[in-house]
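Please look over the sequence and the model shown here before reading on.

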Amino acid sequence: GLHRQHGKQGGGSKGIYAKLTVVVVVLLICTFSVFFSATISGNRGSLEPSEINVEELWESAKSGGWRPSSAPRSDWPPPPKETNGYLRVRCNGGLNQQRSAICNAVLAARIMNATLVLPELDANSFWHDDSGFQGIYDVEHFIQTLKYDVRIVESIPEIHKNGKTKKIKAHQIRPPRDAPISWYTTVALKKMKEHGAIYLTPFSHRLAEEIDNAEYQRLRCRVNYHALRFKPNIMRLSESIVDKLRSRGHFMSIHLRFEMDMLAFAGCFDIFSPEEQSILKKYRKDNFADKRLVYNERRAIGKCPLTPEEVGLVLRAVGFDNSTRIYLAAGELFGGERFMKPFRDLFPRLENHSSVDSSEELVANTRGLLGSAVDYMVCLLSDIFMPTYDGPSNFANNLLGHRLYYGFRTTIRPDRKGLAPIFIDRENGQTAGFEQAVRRVMLKTNFGGPHKRVPPESFYTNSWPECFCQMSPSNPADKCPPDNVLEVLESQLENEVNRDLEALMETNSTRRTEI
């Protein structure tokens, strides 16, 4: 400090000029940063837009040159004829929890070189529906689509040996939650080789989602977005509803998750009457672990589902008017009409599958797996999809992932944590600037474009980049597979079959010689 103070006389001037130069440079950097941010912010997708253009939302989000692709990009041999045994699984939960479990079951079978027995769908789940896999999905399509990946049978065959018929009894195991691949290649595989078959139950969330193997992740996408196709009658019903809705223009679908089970799970009771609170608390006690939940604290951090009115207010703030046509995918709304009326006042053009199609088949299965399957397809094909509680909701999470894979179709995902203080202020009488505040929060959300998966976001919600590719990528790992990839896989499968036939003929020839 002394040297600087008592240096040459010109040193002070030089120091001032140096500081001014630094200030100017910093100001220039900040100016360019602001300009650059404003320039890129006009893009929809993973970048924040500068404003919300409702007309643009009716179109798919920008892809950035990405397109869906779940075909193998490296050596992927067909399943060998000789497997290590049979794998049975029981998929518990609702339709979409079961769907994720089926994807995991196929991957587990591939990992263990096992023959997969057609997955069982839990008849004792929330829906109390015993339709089973055969009643919901196209079995032939499922088996045929996955022929390059795993061997699938509808049931464990009987063994015929020495004139006797023997049934293989599957050894039952309860897999750990989010089990790593190593558990399947050690514990599960050992039991399979000992018993010839294993039965994994329950099988919800029993295989880790984040796996450092892109080909395994792509197999999950092949199952979820290609092999799992609903039965023709469900597809016809869904397409009929979509056609009727689209004949009158664009439509939006909303998964209005304001239902008893989700409200009880979230611990959001205080807005209900004492009688309704008793029902919710009992349901929570009977179905979920005991936990201290304070409504005000839960709501302040965005842990409560949006009320129907809050959903309407978000849409209005974004720019949708009362002419917007909305398809509601929802179970029984808890609290009834008093919660639904404010939403209907804002958006009177509401539909559901019963109002659009009153066919006997659908009316009889509104609360079953069939009704849920139809809702899923209509939401998948809608121009815009809005989940109101996508945290623990398998329906919303799977749809978000499917719509991303289906071509970056627009989604509106309210940031409940960001919106909570705005809604609380409104309830306390602070209404000035309400819509502008909502828009500021929504501007920071993603509207359906490719974006990095960040925990706790699920792989089934966002399979980018593993299940997407680019024709001219900067990273070779993102390059799209060749157009003839299916021909290559078919050729590999034929070679495997031919080798099996040659081995069989050689065995028969040897036996004849011995005789």
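What follows is a set of questions and answers on this predicted model.

Q: How many helices and strands does the secondary structure of the chain come to?
A: The chain has 515 residues, and buried residues make up 49% of them. The secondary structure comes to 21 helices and 14 strands.

Q: Among contacts in the chain between residues at least 6 apart in sequence, what percentage join residues at least 24 apart?
A: The count concerns contacts between residues at least 6 apart in sequence, and asks which of these join residues at least 24 apart. An individual pair in the chain is Lys244 and Val356, which are in contact and lie 112 residues apart in sequence, with 7.3 Å between their C-alpha atoms. For the chain, the share is 77%.

Q: Are helix 17 and helix 18 roughly parallel, roughly perpendicular or oblique to each other?
A: Helix 17 covers residues 369-381 and helix 18 covers residues 394-405, and their axes lie 10 Å apart at an angle of about 40°. Angles under 35 degrees count as roughly parallel and those from 65 to 115 as roughly perpendicular. The arrangement of helix 17 to helix 18 is therefore oblique.

Q: Into which classes do the residues of the contact of helix 17 with helix 18 divide?
A: Helix 17 passes helix 18 in a right-handed crossing. Ser372, Asp375, Tyr376, Cys379, Leu380 and Leu381 of helix 17 meet Phe395, Asn398, Leu399, His402 and Arg403 of helix 18. By class, these residues divide into 6 nonpolar, 3 polar and 2 charged.

Q: Which residues of helix 4 and helix 18 make their contact?
A: Helix 4, residues 95-112, packs with helix 18 at an angle of about 55°, with 7 Å between the axes, and the two helices are therefore oblique to each other. Helix 4 passes helix 18 in a left-handed crossing. The contact is made by Asn394, Phe395, Asn398 and His402 on the side of helix 18, and on the side of helix 4 by Asn96, Gln97, Arg99 and Ser100.

Q: Are helix 19 and helix 20 roughly parallel or roughly antiparallel to each other?
A: Helix 19 (residues 416-427) and helix 20 (residues 434-443) have axes 9 Å apart and pack at an angle of about 170°. Angles over 145 degrees count as roughly antiparallel. Helix 19 and helix 20 are therefore roughly antiparallel.

Q: Is Phe408 buried or exposed?
A: Phe408 is found in the loop between helix 18 and helix 19, and has a positive phi of about 55° although it is not a glycine. Its relative accessible area is 2%, and a residue counts as buried under 20%. Phe408 is therefore buried.

Q: In which loop does Asn113 lie?
A: Asn113 is a residue other than glycine with a positive phi, near 50°. At 24% relative accessibility, Asn113 counts as partly exposed. Asn113 lies in the loop between helix 4 and strand 3.

Q: What is omega for the cis peptide bond from Trp464 to Pro465?
A: Pro465 is found in the loop between helix 20 and strand 14. A cis peptide bond also joins Thr201 and Pro202, with omega about -5°. For the bond from Trp464 to Pro465, omega is near 10°.

Note on methods:
Residues are numbered from 1 along each chain as its sequence is written. This is a predicted model: local features need pLDDT of at least 70, side-chain atom pairs count only at pLDDT 80 or more; totals for chains, interfaces and linings use all residues. Side-chain values use heavy atoms; hydrogens and water are left out. Axes are lines fitted to C-alpha atoms, for helices over the stretch in contact, and angles run from 0 to 180 degrees between N-to-C directions. Helices (H or I, at least four residues) and strands (E, at least two) are DSSP runs, numbered from the N terminus. A crossing is left-handed if the near helix is turned anticlockwise from the far one by less than a right angle, and right-handed if clockwise. Contact means heavy atoms within 4.5 Å. Ala, Val, Leu, Ile, Met, Phe, Trp, Tyr, Cys and Pro count as nonpolar, Asp, Glu, Lys and Arg as charged, and the others, Gly among them, as polar. Buried means under 20% relative accessible area, exposed over 50%, partly exposed in between (1.4 Å probe, protein chains only). Lists of a residue's contacts leave out its neighbours within four places in sequence.
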